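Got a two-chain model open and wondering what the numbers behind it mean? Let's go through them as questions and answers.

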There are 2 protein chains.
Amino acid sequence: VSKGGDTRAAILGEATRLASRIGLDGLTIGSLATQTQLSKSGLFAHFRSKESLQLHVLEHATARFMDAVVVPTLAAPRGEPRLRELFERWLTWSSEAFPGGCLFISASIEFDDRPGTVRDYLMRNQRDWVDMIVQVVRSAVAEGHLRGDTDPDQFAQDLYGVILACHHANRLLRDPAAHTRARRAFEVLLAAVTAH
Amino acid sequence: VSKGGDTRAAILGEATRLASRIGLDGLTIGSLATQTQLSKSGLFAHFRSKESLQLHVLEHATARFMDAVVVPTLAAPRGEPRLRELFERWLTWSSEAFPGGCLFISASIEFDDRPGTVRDYLMRNQRDWVDMIVQVVRSAVAEGHLRGDTDPDQFAQDLYGVILACHHANRLLRDPAAHTRARRAFEVLLAAVTAH
C-alpha cells in the first residue's frame, strides 16, 4: 500500500468514527477538517463533495463489515454453526465497531426518506445483508439443521429486530442486560426452527 | 383553547412532522421558519433556543403517543387483550404517526451519544415506555394469561425489536411484507409465553 493509500484509509477511518457519533448527515468536509486538523482544501481535493465523502465513508464501513462479519461467517461450517457465527459477529459489530454505534443503523434512519445516491447505496447494502442472512438460513435448512418449513425472510427480519433492540437498549437506555437478552432471543428464534 | 394555544399546537405539529423527516437535530428555528413561512423572530420569541424547540417537539410527540397508544392500551381489558392492543397501537403509530417514520426511533439514534437535556428527555421517555410494556406483561401474568415464568424485561426488549425491524424493513427497504412479518413475530413471542 502506498503512503497516499495509508493516509486516505486513515482519513476515512477518522471520518467513519466521526459519522458514527454525529450522524452521517452531520459529516461534512468542514467537520472532518476540524476533527483531523487537515486543511479543508486538501480534503476537498480528495472527496469533491459532502455526498461523495458520505459514499466513501459507507464504502469504508462496508469493507470493514466484510472483514469483521461477512468473511468469518462464510468461513464457518455451513448450517447452524454459520448462522451462530453470523449472529455473534453481527452483535459484536453493532456494539463495538464504532464509538457512536453502528453506522448502518444510524444512517438507515437518517436517510430512509432522503432520495439520492446515499440512500440508494444504503438500500443496496442493507438488501445485500438481508439476502445474506436469508441465504445462510436456507443453507441451514438444506443441511437438515433447520426445519423444512422455516421462513428465511421471517427469520431475517426477526434477527434484525434482535440486533436493533439490543442497540437501542444498550446505547440509549444503557441497559447492561441488553446483550444477554439479545443472545437469549437468538436462542429462542433458533430453537423454534431447529429440526429434531 | 385560546387562539394562541391553537397556533402554538399547529406550529408544534408542523415542527414534529418536519423533525420526523429531517431529523430532530436538523430542526432549527431557521428550518422551521422556512417550513412554516413564519418569522424567525416570532418563532424565537416562542421557543428561545434550538434545544428548547427540540424539547417542545418531543413533549408534543409524547402527548400524541399518549393519546394514540398509551390511553387506548390502558382502556383495553387487562391481560392478553391489553398486550395485543399495545402492540397493534404501537405498530400503527410507528408507521403512520409521522411522514418520516417514528420520531422517537430516529431521535433515539441521533441523540444516544450526545449528553444534554434532549437525551435526558429521550432516556426518561423511552424508559417509561419500556416500563409500561413490562407492566402490561406482568398484569397478563397476574391474570393467568401468560406463564408464571415469563420474563417481562426480555419480552419488552423482544417486542421493541419487532417494532424496530418492521420500521427498518418498511422505511428503508420498502418491503411490503414488513408488517405481516411483524404481526407473525408478535404471535410467536406471545405463544411462547401463553399459559395453557
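Buried area here is the accessible area (1.4 Å probe) that two parts lose on being put together, summed over both. This is a predicted model, where local features need pLDDT of at least 70 and side-chain atom pairs count only at pLDDT 80 or more, while totals for chains, interfaces and linings use all residues. Residues are numbered from 1 along each chain as its sequence is written, and chains are lettered from A in the order in which they are written.

Q: What makes up the area that chain A and chain B bury between them?
A: The two chains bury about 3300 Å², with 56% of it on carbon and sulfur atoms. On the chain A side, Gln157(A), Leu172(A) and Arg181(A) lose the most area to chain B, together 20% of what that side buries.

Q: How do you know how many residues of chain A are in contact with chain B?
A: Contact means heavy atoms within 4.5 Å. By that test, 40 residues of chain A touch 40 residues of chain B.

Q: Why is a space called a cavity rather than a pocket?
A: On a 1 Å grid over the protein atoms alone, a cavity is a set of points where a 1.4 Å probe fits but cannot get out, whereas a pocket is an open set with protein on both sides within 12 Å along at least five of seven lines. Three cavities of 30 Å³ or more turn up in this structure.

Q: What volume does the largest cavity have, and what lines it?
A: A volume is the space filled by probe spheres set on the points, which are joined across faces, edges and corners, and here that gives about 140 Å³. Lining residues have an atom within 4 Å of a point; there are 14, and among those nearest the centre are Ile105(A) and Ile105(B). α8(A) gives the most, with four residues.

Q: What makes a lining residue of the largest cavity nonpolar, polar or charged?
A: Ala, Val, Leu, Ile, Met, Phe, Trp, Tyr, Cys and Pro count as nonpolar, Asp, Glu, Lys and Arg as charged, and the others, Gly among them, as polar. That lining splits into seven nonpolar, five polar and two charged. For the second largest cavity, about 70 Å³, the classes come out as three nonpolar, four polar and six charged.

Q: How do you know where α4(B) bends?
A: The bend at a residue is the angle between axes fitted to the seven residues ending there and the seven starting there. At Met66(B) that angle is about 45°.

Key: Side-chain values use heavy atoms; hydrogens and water are left out. Helices (H or I, at least four residues) and strands (E, at least two) are DSSP runs, numbered from the N terminus.
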